[in-house]
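Here is a friendly walk through one protein model, taken a few helices at a time. Please have the sequence and the 3D view open as you read.

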Amino acid sequence: MKSKNRQGRPVETIILSSDEKRKLEALVASPSGGRLGKRAEIVLLSAAGYANNETSAKVGLSKQAVCKWRQRYLSKGIAGLQDLPRPGGKAKELSASDEEREVLLAWSRSRSLPASLVTRSRIILCALDGKQTEEISSSVGVAGSTVREW
């Protein structure tokens with residue numbers, strides 16, 4: 001069913017079941033709702049009859065964003081409010097044999113090798129231990145951009 005927005009072209013009306021409304025309200029009320037809660041609020045306001053520009057002003061997002069999330073809800077339901085997967089593959093698992101770890105450990109303790117090689121070996125050892133960029137950065141004493149570069 002289409003309804004005429006107060007301004008602009010007709011938009012498809014959002015009609016919520018009591019179950020859908022309850023789920024969306026829970027997302028809005030959730031302290032960890034974040035962007036998903038904001039998107040749920042867009043759907044609730046739209047279902048309550050607010051025009052896109054009114055909804056935009058209430059939630060603090062652009063009219064284009066409001067239109068996007070209304071359409072995603074209409075086509076996919078609550079699942080459509082989730083972020084789509086980002087392009088690119090997942091990060092590859094970093095692994096090293098025992099021998100490779102021994103070499104890296106020796107390099108990380110060396111006083112005769114170039115500092116860049118010592119630093120790089122320390123970064124790699126930390127990454128192999130599952131540490132994240134911030135942890136590695138503070139542990140090795142380099143900037144996060146240096147950790148990400150290597």
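## A first stop: arginine 39

Leaving out residues up to four places away in sequence, arginine 39 touches Trp69, Leu81, Gln82 and Asp83, where contact means heavy atoms within 4.5 Å. This is a predicted model, in which local features need pLDDT of at least 70 and side-chain atom pairs count only at pLDDT 80 or more, while totals for chains, interfaces and linings use all residues. Residues are numbered from 1 along each chain as its sequence is written, and side-chain values use heavy atoms, with hydrogens and water left out.

Arginine 39 sits in helix α2. Helices (H or I, at least four residues) are DSSP runs, numbered from the N terminus. Is arginine 39 buried or exposed? Its relative accessible area is 8%, so arginine 39 is buried. Buried means under 20% relative accessible area, exposed means over 50%, and partly exposed lies in between (1.4 Å probe, protein chains only).

The expected span is 1.5 Å times one less than the number of residues. After α2 comes glycine 49, which has a positive phi, near 100 degrees.

Now for how some helices meet. The axes here are lines fitted to C-alpha atoms over the stretch in contact, and angles run from 0 to 180 degrees between N-to-C directions.

| Helix pair | Axis distance | Angle |
|---|---|---|
| α2 and α3 | within 10 Å | roughly 145 degrees |
| α3 and α4 | within 8 Å | roughly 105 degrees |
| α6 and α7 | 10 Å | about 140 degrees |

Let us start with α2 and α3. Their crossing is right-handed, which is the term used when the near helix is turned clockwise from the far one by less than a right angle. On the α2 side, the contact is made by Lys38, Glu41, Ile42, Leu45 and Ser46, and on the α3 side by Thr55, Lys58 and Val59. Sorted by class, these are three nonpolar, two polar and three charged residues. Here Ala, Val, Leu, Ile, Met, Phe, Trp, Tyr, Cys and Pro count as nonpolar, Asp, Glu, Lys and Arg as charged, and the others, Gly among them, as polar.

Next come α3 and α4, whose axes cross at roughly 105 degrees. That makes the two helices roughly perpendicular. Angles of 65 to 115 degrees are given that name, while those under 35 count as roughly parallel, those over 145 as roughly antiparallel and the rest as oblique. In this pair, Asn52, Thr55, Ser56 and Val59 of α3 meet Lys63, Val66, Cys67 and Arg70 of α4. The classes are three nonpolar, three polar and two charged residues.

The last pair is α6 (residues 115-128) with α7 (residues 133-140), packed at about 140 degrees. These two helices are therefore oblique to each other, and their crossing is right-handed. Thr119, Arg122, Ile123, Cys126 and Ala127 of α6 make the contact with Ile136, Ser139 and Val140 of α7. Five of these residues are nonpolar, two are polar and one is charged.

## A closer look at α6 and α7

Helix α6 has 14 residues and reaches 20 Å from its first C-alpha to its last, close to the expected 20 Å. Its buried residues include Val118, Thr119 and Ser121, and the cover over the buried part includes α5 (98-109), α7 and α8 (144-149). Just after α6, glycine 130 takes a positive phi of about 90 degrees.

Valine 118, in α6, counts as buried at 7% relative accessibility. Not counting residues up to four places away in sequence, valine 118 touches Trp107, Ser108, Ser110 and Leu113.

Serine 139 belongs to α7 and counts as partly exposed at 46% relative accessibility. Apart from neighbours within four places in sequence, serine 139 is in contact with Cys126 and Lys131. Between serine 139 and isoleucine 123 there are 8.8 Å in space, C-alpha to C-alpha, and the two are 16 residues apart in sequence.
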